[in-house]
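Visitor: I would like to learn how to read a few features of a model. Could we take them one at a time, with the general idea before the case?

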Amino acid sequence: MTSDNAVEAEGLIKNFKETKALKGIDLAVPRGSVLGVLGPNGAGKTTAVRILATLLRADGGHAKVAGYDVAKKPSEVRKRIGLTGQYASVDEELTGRENLHMIAALLNMSGRSSKARAKELLEWFDLTDAADRTLKTYSGGMRRRLDLAASLTGHPEVVFLDEPTTGLDPAKREDMWDVVRDIVKRGTSVLLTTQYLEEADALADDIVVINHGEVIAHDTADKLKRVVGSQTLRVRPSDASQVDAVNTILAEVATDGAPVDEYRPGEYSVPVVDDSALATVVGKLAAQQVAVTELSLQLPSLDEVFFTLTGERQRPTADDATAGEEQEVSA
Amino acid sequence: MSTASVTHDVEVIQQGPFDMFRHSWVLAKRSLVKTWRTPEGLIDVTLSPIMFTLLFTFIFGGAIAGSTADYLVFLIPGLIGQNIAFASVGIGIQLNSDMSKGIFDRFRALPISRVAPLLGAALGDVVRYVLLIGIMVGTGYALGYRVTTDPLSFLAGCLLAILFALCLAWAPMLVGLIARSERAVQGIVFMTLFPLTFASNAFVPTETMPDWLAAFANANPLSHLIEALRMLWSGGDWHAPVGWTLLWCAVFVIIFAPLAIRAYNRKA
């Protein structure tokens, strides 16, 4: 293998009749890392995953997964990948254990290793108690976990997670995130698609933003956020009489002398260039004995990043409130 | 989530030319387990055949053959042919549901032959056909039907019927893979099967039909199977009908298997 990338795609094109699903996208997942592919419904995320997982043939471009060309050596690729789709692709009428045994048998594992592997995966995914119940009795979260376990049965080098948390409630989503982090810790490379901006932020080393079949940005989460503009420093003085002192301090650190803005009643904000502004402000507030109830430095949310890149608003998600990254300091 | 340590030494059975059959067998076992878990899915091969046998024997027996006992000799092979054809819709529905539930995506992303999921589903259906034939002949016996040849001929008839069912199944499999809903599968398959089963020698001698219909009924693959069963179980020269039945089996597989495999590769 000559490349350090677990997944490498160049110029992938896919057309469905009149629809241009992919217009030549490039993707790379460095070995052992997580690439987040972020985009709205219909952006082409699933199409890209299906091409990389050998379920679809690209109309143009080429891709290598685990060192093998997906079009020329699909069976070599299939030996090395795990795929978890948007809908749990497991058999509802079989038990959790039977599902895993079946996958193991199809991967040519011996009876003994397939039993051992199923047991190990069921323990890992907290499904031991439910192992011998049919999937009909499983909750949505349990099905997703079993689905992921099934994808990991053959120790794949590369795992594709196509919207692994769509439809899960926030608590279940975070459980899933822990599992993904766990997989990566064991050396597996992951390509994850998501509509949740904060999911990409939480899991991915690199993020590719795609829209209408095109890559419109590729960077780390932090750098992407900076694309949008500067960070915002917010202060809420506990005593309204100290508003002037706060405004003076904020005006000193503001980018290019930008005016202080009353963000919400009693809360003042200025754009700042870098993280050191926070420390400066804390120092000055302490020196002048100004008490504050809230002090935060905020990066713009990925939602805003997306808006800046595409000019399209994302549909609101349940967790948008937590999408912004905050560094809170109590003073 | 616990963090049990994961070992990577997995005993893998050597890959070989028999993988396709081994994988088909794994997937056939999946069908069998499902059949076992949802016995109500067997109604079309258990209760329906009994109902058909009773209805046809007592409603048509007197009119068509003069007596119910005489009609049974004619009817039981005919009903087996009809019910085998009707039961084949099950596999189309199963494949359609596998496809819509996404489990085929899982199979297609595994390093297994693309034929295995289809062959596995067909093999898993054998138990349904065995049940169907057993129940049909059993009901017939209760009403006075008797196989008058020898056990070997009876067994040969059973095997021929099962083989026919497995070959015919590729057609509903193809429908299952291209139709957009389970309801559509049912509609398409039954719409084809009703004329096929009634415009045959299953219930009435084809001589009573108008010429054009008799010509169709005599060429009907089901008629050949039914004729073969009558000869094998009640005596007569079975060579020609058995030969025609086998030929039709080959035709079904040659036409529908490649189309079904192609549909599976494309879609799923």
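**Reading the model**

Guide: A:Gln289 sits in the loop that joins helix H10 (276-287) to strand S14 (292-299) of chain A. This is a predicted model.

Visitor: Is A:Gln289 buried or exposed?

Guide: Burial is read here from a count of C-beta atoms within 10 Å, where 12 or fewer others means exposed and 20 or more means buried. A:Gln289 has 8 others within that distance, so it is exposed.

Visitor: Which loop holds A:Asp126, and what is its phi?

Guide: A:Asp126 belongs to the loop between H4 and helix H5 (140-152) of chain A. Its phi is positive too, about 60°, although A:Asp126 is not a glycine. With 15 other C-beta atoms within 10 Å, A:Asp126 is partly exposed.

Visitor: Where is A:Val209 placed, and is it buried or exposed?

Guide: A:Val209 is part of strand S9 (residues 206-211) of chain A. The count for A:Val209 is 24 C-beta neighbours inside 10 Å, so it is buried.

Visitor: Which residues does A:Val209 touch, leaving out those up to four places away in sequence?

Guide: A contact requires C-beta atoms within 7 Å. On that basis A:Val209 touches A:Leu38, A:Gly39, A:Ile216, A:Ala217, A:Phe306 and A:Leu309. A:Pro259, 50 residues from A:Val209 in sequence, is 33 Å from it in space, C-alpha to C-alpha.

Visitor: How is chain A made up as a whole?

Guide: Chain A has 331 residues, of which 47% are buried. It contains 11 helices and 15 strands. Of the contacts in chain A between residues at least 6 apart in sequence, 67% join residues at least 24 apart.

Visitor: Into which domains is chain A divided, and how far apart are their centres?

Guide: Domain 1 of chain A covers 5-225 and domain 2 covers 228-328. Their C-alpha centres lie 37 Å apart.

Visitor: How many residues of chain A are in contact with chain B?

Guide: On the side of chain A there are 39 residues, in contact with 27 residues of chain B. The elements of chain A that give two or more residues to this side are helix H2 (74-78), strand S6 (81-84), helix H3 (96-106), helix H4 (111-124) and helix H6 (170-185). H4(A) gives the most, with six residues. By type, the side of chain A that touches chain B has 16 nonpolar, nine polar and 14 charged residues.

Visitor: At what angle do helix H8 and helix H13 of chain B cross?

Guide: Angles under 35 degrees count as roughly parallel. The axes of H8 (residues 151-168) and H13 (residues 239-266) of chain B cross at roughly 25° and come within 8 Å. H8(B) and H13(B) are therefore roughly parallel to each other, and the crossing is left-handed.

Visitor: Which residues meet between H8(B) and H13(B)?

Guide: H8(B) brings B:Leu160, B:Leu163, B:Phe164, B:Cys167 and B:Leu168, and these meet B:Val242, B:Thr245, B:Cys249, B:Phe252 and B:Val253 of H13(B). The residues of this contact are nine nonpolar, one polar and no charged.

Visitor: Is B:Ala240 buried or exposed?

Guide: B:Ala240, in helix H13 of chain B, has 12 other C-beta atoms within 10 Å and is therefore exposed. B:His224 is 16 residues from B:Ala240 in sequence and 8.7 Å from it in space, C-alpha to C-alpha.

Methods. Residues numbered from 1 in each chain as written. Chains lettered and ligands numbered in written order. Predicted model: local features only at pLDDT ≥ 70, side-chain atom pairs only at ≥ 80, totals over all residues. Domains from an automatic or database assignment. Axes fitted to C-alpha atoms, helices over the stretch in contact; angles between N-to-C directions. Helix = DSSP H or I, 4+ residues; strand = E, 2+ residues; numbered from the N terminus. Parallel < 35°, antiparallel > 145°, perpendicular 65-115°, else oblique. Left-handed = near helix turned anticlockwise from the far one by under 90°. Contact = placed C-beta atoms within 7 Å. Nonpolar A, V, L, I, M, F, W, Y, C, P; charged D, E, K, R; others polar.
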